Amino acid sequence: MEFKALDPNGPVLLIPRIFGDERGFFMETFRQNEFEEHCGKHEFVQDNHSKSGGNVLRGLHYQLKNPQGKLVRVISGKVFDAVVDLRRSSPNFGKSYGVILDAEARHSLWVPPGFAHGFLVLEDNTEFVYKCTAYYDPTDEHCLLWNDPELGINWPLTGAEPVLSAKDRKGLPLRNAAKYV
């Protein structure tokens, strides 16, 4: 597996080696020792799986008391995945990163604790799976405003407004949002 850091101490793109033949394909999606070497020592405690229609936008979510690192990937369909560094101590505080994740390329993205995370679904019936380093805690749930101009995220919208949950419509701009130390 190849590990491509998008920024030091930030998100890392994991590019698997895929072995295919007339029967199909095989790939490793996770190997603890290599992950620790390139992304740090983290223990995963929860796996999540979502399925969404096209133009659904989920995020930008984060927890403060129990920050979640997330290892995310798409197993069917395609998303634009976005993360924002919310660590005030980071030289990249407020910086956003965006990558396309799809079932064809089979890349994964490591989102370290201290980042807000969200994604825009680019194909109907997209399935998104991720491992978390902390349990989901609904009392510690925060949401950053997905279209805050200060973030500079270039969401690949098709003209229509994205489909948002009530929670995501109430996200806060960076200047008003709770942040990490």
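Tutor: Let's take the labels one at a time, keeping in mind that this is a predicted model.

Student: Fine. What makes the radius of gyration agree with a compact globule?

Tutor: For 181 residues the rule gives a value near 16 Å, and the chain has 16 Å, so the two agree. The C-alpha trace spans about 55 × 40 × 25 Å along its principal axes. Buried residues make up 46% of the chain, and the accessible surface comes to about 9,400 Å², with 48% of that belonging to carbon and sulfur atoms.

Student: How many helices and strands does the chain have?

Tutor: Two helices and 13 strands. Of the contacts with a separation of 6 or more, 80% are between residues 24 or more positions apart.

Student: Which strands make up the open sheet, and in what order?

Tutor: Six of them, in the order S1-S2-S10-S7-S12-S5, with antiparallel pairing.

Student: Why are S1 and S5 said to stand at the edges?

Tutor: Strand S1 (2–5) and strand S5 (46–52) each have a single partner strand, so one side of each is left without a neighbour in the sheet. From one strand to the next, the twist averages 20 degrees.

Student: How do you know that S1 and S2 pair?

Tutor: Pairing takes at least two bridges. S1 and strand S2 (residues 12–15) have four, in the antiparallel sense, so they pass. Within that pair, Phe3 stands opposite Leu14 in S2.

Student: And what packs on the sheet?

Tutor: Helix H1 (residues 32–39), which touches S1, S2, strand S7 (70–76) and strand S10 (108–111). The direction of H1 makes about 20 degrees with that of S1.

Student: What joins S12 to S5 and S7?

Tutor: Bridges again, antiparallel on both sides. Seven join S5 to strand S12 (residues 126–132), with Phe128 as the bridge partner of Ser50. Six join S7 to S12, and there Val129 is the bridge partner of Arg73.

Student: Why is Asp7 called buried, while Lys95 is called partly exposed?

Tutor: Buried means under 20% relative accessible area, exposed means over 50%, and partly exposed is in between. Asp7 has 13%, so buried it is. Lys95 has 38%, so that one goes in the middle class.

Student: What other pairs meet the salt-bridge rule?

Tutor: The count comes to seven. Among them is Asp21 with Arg23, at 2.6 Å, N to O. Another is Lys41 with Glu36, whose closest N and O atoms are 3.7 Å apart, so that pair is also within the 4 Å limit.

Student: What about Pro8: buried or exposed?

Tutor: Exposed, because its relative accessible area is 61%. Pro8 is found in the loop between S1 and S2. Pro8 and Asn92 are 84 residues apart in sequence and 9.5 Å apart in space, C-alpha to C-alpha.

Student: Where is the cis peptide bond?

Tutor: Between Gly59 and Leu60, with omega about 10 degrees. Leu60 is found in strand S6 (residues 57–63).

Student: Last one: which residues have a positive phi although they are not glycines?

Tutor: Asn55, with phi about 70 degrees, and Asn125, with about 60 degrees. Asn55 is found in the loop between S5 and S6, and its 17% relative accessibility makes it buried. Asn125 is in the loop between strand S11 (115–121) and S12, and with 48% it counts as partly exposed.

How values were computed:
Residues are numbered from 1 along each chain as its sequence is written. This is a predicted model: local features need pLDDT of at least 70, side-chain atom pairs count only at pLDDT 80 or more; totals for chains, interfaces and linings use all residues. Side-chain values use heavy atoms; hydrogens and water are left out. Axes are lines fitted to C-alpha atoms, for helices over the stretch in contact, and angles run from 0 to 180 degrees between N-to-C directions. Contact means heavy atoms within 4.5 Å. The radius of gyration is taken over C-alpha atoms; the globule rule is 2.2 Å times the number of residues to the power 0.38. Buried means under 20% relative accessible area, exposed over 50%, partly exposed in between (1.4 Å probe, protein chains only). Accessible areas come from the Shrake-Rupley method with a 1.4 Å probe; for residues, only the protein chains shown count as cover. A salt bridge is a side-chain nitrogen of Lys or Arg within 4 Å of a carboxyl oxygen of Asp or Glu.
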